[in-house]
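Please open the model in your viewer, with the sequence panel beside it, and follow the stops below in order.

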Amino acid sequence: MMALLLDGLIVLALVSLAVQAISGRSLFRGIIHFVVFGLTMALAWARIGAPDLAMAEAAIGAGLTGALMMVAYRRLVAQGDNHSPRAPAQKSRLAIPIAVGSGLLVGVIGLGALLADNPPGEAGLIVLETLPEYGLGNAITGVLLLFRGLDTLLEIAVLLTALLAARALAGTGDSSATARTQHPETPLVGALLAVVIPLTILVAVHLLRAGTHETGGAFQAGAVLAAAGVLLVLSGRVSRTDTAGPLVRLGILAGLSAFILIGLMPLLYGEALLTLPGMWSIYLIETAMMVSIAAALILLFADAGGLKRDRRG
Amino acid sequence: MTAEALSLIVFLPLLAACVIVAAPGLSALSVRLGLIPLPLLLLAPTLEVLDQGTYRMALAGHNSPLGIEWALDPLSLLMLWLNTGITILVSLHASYGFPPASEAGRRFWPLWLILFASMNALVLSADLFNLYVTLELVTLAAIGLITVEGKPLALRAGMRYLLLALLASLLYLLGVGLLYGQTGTLDLYLIAERIEISWLPVTALSLMIVGLLIKSAIFPLHAWLPAAHGNAPGPVSAILSAVVVKVSVYMIWRLWFWTAADWDLEAVALLLGLLGGAAILYGSLAALVQVRLKMIIAYSTVAQLGYLLLVFPLAGNLAFKAAVYQMLSHGLAKAAMFLAAANILHAIGTDRLRRLAGIDQRMPLDVFALALAGVSIMGLPPSGGFLAKWLFLEAAWEQQAWGWLVLVAFGGLLAAAYLFRVLAVVCLHPRRRLGQRSRRRSPTPASWAALLLAIGAILAGFFSAPVLDLITAGLPPGLGSR
């Protein structure tokens, strides 16, 4: 009974937050609602027993996307003569038909899910049966790296492509408004960072290591690490540059190139493409992906080609 | 050999893209290394397909449904050759507009190589979710390339494309989820075996097809295409029109003729055919009233894509051959036209039609390429376009589908109308400015790239036998007999 009540509450909150996020007059309120929506969504994932998704949703869907939106919002404010940017006043005539159509779709999918009974020979069940052979405890890591590695490899390529596309646009707009806060040096900032940054890194590494056996993995770890980077950028400890130094370039590319090179290796000794040659390769690829995900997200946030340490004493 | 070759066909360009980002100093070398070996690498798979028919490869050694499989059949082999051939010739052109060692080149080439690799991965994949990931990569790289010069019109077009493409991806993904729920597998051939036909899989298929129709800019979901293709840099327009929109049509064919081969969907087939017909009429008429050369070519793409949907109502051996041949020859011809238009734009500084009077004397190579490619688009003999349209007419004749027959013939006339409108201004306009020197000349190899592609489109009319044999060998199950 309690559980049902909780679920109902979450669903209700999701719908109303979604409506608030897109129908509010003020863009700022919309962003805030979107972030809260993301957090509630994370709760929903956790409720249906998908903790990995819940963490990814909280870190990326709510956290970093929200941060990106706030940066974009600040740019708009900077351009718009101090008027707070507003969503367009009149609603599109298509709004209601689209809402009805989407509602119908959700209905159809829900019905489909209710009707579906687990078909025999389902891929997901085979994953669970095969997993112990590889000494992995986390089915998601198994799917991401062992069974459907190509998907993951291409996802990392998607992230790199997004970064490259964003960088190609840099310089077309006004990039003088940086992501930094205006007055970073309140005395507490340094003390806070000294505690938060090491802890964040610790959490990221833990998530990465835990990924082979329980909830966690490169995507969650990368997102958490990126959060540390965002803090450093916001507090002005790290500042943006237009071109990337060798270290940053390595960080961006580590995930994709490590995955490709290790994936091609089995061809040399006559095994199938992307067969991973042991646990070490899983750890190596996961670490490289974590670094790349974090680097790409930080650079996207800072709208920067590269980063450098800011030494201001 | 084939497994190694196919792996490199996807990963070599990706690695080259990584090297350019990591070490910009090596960009010229890595662009070459990422592209030039590709035709050689394609030889082994080609021999394999000619010999064995179909080649399947389980990635990481896991067969479907557990893992992802690549399936190389004659159709995907033809797509690989189309993508490779056109990308390499267009790259020749792009190496002048975006020199690899320059700042602009360092932005352009990684995205270009990723786009190339992802399209190769797409046509190889036999897995619905993997297809989704590759299609996302294709779209994202394409949008990056459209906006790579940062021109405001291109930015707006890219943004519109991005939003529509995201909607399309979500629709496709919903369909994939529904099919997985029904069958427990993502392999598009295995689904065909496992599925029990009911309203739910039909809904799933419809969602996926609508998403893919948006991505392939089929009327009335074409709204993003003319602006995006008309305002992108020249080589990007060429690859977008020639290959990028085709890969999503390829996916519709795969779903329709392989996964949903036994479903009884005549009404949907007719609807898709009508959309194709509307695309032919609307695209051609819109091309007739455009004032910029690149926009004419872009609307021509909207029209020519319509033919690819006629295969659904005319389903059969002949129509399928016609559609595949249309895909190949339109790819060559349209890439040639966009490259020629890019050269003209570069030399004159504008592509407004009324400013183009008399450029045939200043830029004979480019105008010749434009005219040759036009011959194929109009469907005049002897050209690849002619052969494709002839096969369509034959298919319609055989099935006594007179409506489609008239449509194909009329579409050719309309194409002739909008292309002769261009050629008339260029070659016959009374205000021909004789002897006027162009301010900037495009380098000759850039013009040759356009001309080679146009010649390819014409030659496709002469040397069609091996390609048609290959298409016949790869006919979808069930179509061969009809």
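Begin by selecting A:R148 and B:D127, whose side chains meet in a salt bridge with N and O 2.6 Å apart; the term stands for a side-chain nitrogen of Lys or Arg within 4 Å of a carboxyl oxygen of Asp or Glu. The pair crosses between chains, with B:D127 in the loop between α5 (103-124) and α6 (128-146) of chain B and A:R148 in the loop between α6 and α7 of chain A. Helices (H or I, at least four residues) and strands (E, at least two) are DSSP runs, numbered from the N terminus.

A word on conventions before you move on. The model is predicted, and local features need pLDDT of at least 70, side-chain atom pairs count only at pLDDT 80 or more, while totals for chains, interfaces and linings use all residues. Residues are numbered from 1 along each chain as its sequence is written, chains are lettered from A in the order in which they are written, and side-chain values use heavy atoms, with hydrogens and water left out.

**The interface**

Now select both sides of the interface: 50 residues of chain A are in contact with 52 residues of chain B, where contact means heavy atoms within 4.5 Å. How much area do chain A and chain B bury between them? The figure is about 4300 Å², 77% of it on carbon and sulfur atoms, buried area being the accessible area (1.4 Å probe) that two parts lose on being put together, summed over both. Across this interface the rule finds 1 salt bridge, and the count of residue pairs in polar contact, both at pLDDT 80 or more, is 8. To colour the side of chain A that touches chain B, pick α4 (95-115), α5 (123-130), α6 (139-147), α7 (149-169) and α10 (246-264) of chain A, each of which supplies at least two residues. The largest share, 15 residues, comes from α7(A). By class, this side of chain A divides into 35 nonpolar, 8 polar and 7 charged residues.

**Chain A by itself**

Next select A:R75 and A:D303, which form a salt bridge with their closest N and O atoms 3.1 Å apart. Because A:R75 lies in helix α3 (residues 51-79) and A:D303 in the loop between α11 and β2 (306-309) of chain A, the pair ties together parts that are 228 residues apart in sequence. Then go to A:L274, in the loop between α10 and α11 (279-302) of chain A, which has a positive phi of about 70 degrees although it is not a glycine.

**Stops in chain B**

Bring chain B back and select helix α13 (residues 293-307) and helix α14 (residues 317-348), whose axes come within 10 Å and cross at roughly 175 degrees. The two helices of chain B are therefore roughly antiparallel to each other, a label given to angles over 145 degrees. Their contact includes B:L293 and B:I297 of α13(B) and B:F338 and B:L345 of α14(B).

Finish at two cis peptide bonds: the bond from B:S64 to B:P65 has omega near 10 degrees, and the bond that joins B:F219 and B:P220 has omega of about 0 degrees. B:P65 is found in the loop between β1 (55-58) and β2 (69-72) of chain B, whereas B:P220 is in the loop between α9 (199-215) and α10 (225-231) of chain B.

Notes
A polar contact is a pair of N or O atoms within 3.5 Å; within protein, one must be able to donate a hydrogen and the other to accept it, and residues adjacent in sequence count only if both atoms are side-chain atoms. Ala, Val, Leu, Ile, Met, Phe, Trp, Tyr, Cys and Pro count as nonpolar, Asp, Glu, Lys and Arg as charged, and the others, Gly among them, as polar. Axes are lines fitted to C-alpha atoms, for helices over the stretch in contact, and angles run from 0 to 180 degrees between N-to-C directions. Angles under 35 degrees count as roughly parallel, over 145 as roughly antiparallel, 65 to 115 as roughly perpendicular and the rest as oblique.
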